[in-house]
Amino acid sequence: MARSPLKGVEDSRPGGFACMSDPKQPPHGDGAEREALSALDDGKTTRREFVGTAVVGGALLATGLLSLPANAKGSAKAPGLEGPPVAPVPLRLQINGKEHALEVEPRVTLLDALRENLGLTGSKKGCDLGQCGACTVLVEGRRVNSCLTLAVMQQGKQITTIEGLAQGDALHPMQQSFLAHDGFQCGYCTPGQIMSAVGFSREPWGQTDADIREGMCGNICRCGAYPHIVAAVRDGRGKKA
Ligand code: FES
Ligand code: FES
């Protein structure tokens, strides 16, 4: 039985991606995000609590947003957020080579900013808890669970979503490989799988299928298309975009 990325959670589907206890490369996020994941994994902190803590404890200070006026214009309340509304703040995000200006509450995740504010719905919301990888995007070329990072923390960074992979009508080689190998069934996990595969291909993993399975272990496929996904990643990883 394969282990899921979360402690104590077993993935019983045949062929699921196995996560070893000491991965060679963190599958998602930087040190701060891994700390956040650890905090969530201990079962004592909910994502919403973490997000609130991050905003109060560091994100606002780090980004200088505390000096913004409390009456900034924008939506009164972001979708899915509990509690009283928080004053929106203006942001500029570099997404797929284009700058986007938006105003969101500082507690809004990158995933919600992409989907709800910018209409970039290719990144999927599966668990909204950092467990499934459906929301994977690249930030500065590295894989990140966009449901586990705040939009305000991503200003000035180059963000790539599934919408930014193709060049006009020419699909990215990893997209072509997923098509060629039937690397999907319902397709819900597919954008996250492809984005993770692109990031994985840039990381110093070995060449075996076991390396692919371990390197892709943060991405869950409820349809169990793992053998096809492995084949797609194996074939697509060596091809230049
Ligand atoms: S929606 Fe982000 S990891 Fe599941
Ligand atoms: S193809 Fe359906 S969840 Fe992966």
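Analyst: Start with Glu203 and Arg143, which are both buried. Keep in mind that this is a predicted model.

User: What do Glu203 and Arg143 form, and how far apart are the closest N and O atoms?
Analyst: A salt bridge, with 2.6 Å between the closest N and O atoms of Glu203 and Arg143.

User: Where in the chain do Glu203 and Arg143 sit?
Analyst: Glu203 is in the loop between helix 5 (190–201) and helix 6 (209–215). Arg143 is in strand 6 (residues 142–145).

User: OK, Lys125 next. Which side chain does the Lys125 side chain meet in a salt bridge at 2.7 Å?
Analyst: That of Asp112, at 2.7 Å from N to O. Lys125 lies in the loop between helix 3 (110–117) and strand 5 (136–139), and Asp112 lies in helix 3, so the pair ties together parts 13 residues apart in sequence.

User: Is Asp112 buried or exposed?
Analyst: Buried, at 2% relative accessible area. Lys125 is partly exposed, at 28%.

User: Which residues are linked with Lys125 in a network of salt bridges?
Analyst: Asp112 and Asp128.

User: Switching to Arg107. What's its salt-bridge partner?
Analyst: Glu105, with the closest N and O atoms 2.6 Å apart.

User: And Glu105, buried or exposed?
Analyst: Buried, with a relative accessible area of 0%. Arg107 is buried as well, at 14%, because the cut-off for buried is under 20%.

Definitions and conventions: Residues numbered from 1 in each chain as written. Chains lettered and ligands numbered in written order. Predicted model: local features only at pLDDT ≥ 70, side-chain atom pairs only at ≥ 80, totals over all residues. Heavy atoms only, no water. Salt bridge = Lys/Arg side-chain N within 4 Å of Asp/Glu carboxyl O. Buried < 20%, exposed > 50% of the residue type's maximum accessible area, 1.4 Å probe, protein only. Helix = DSSP H or I, 4+ residues; strand = E, 2+ residues; numbered from the N terminus.
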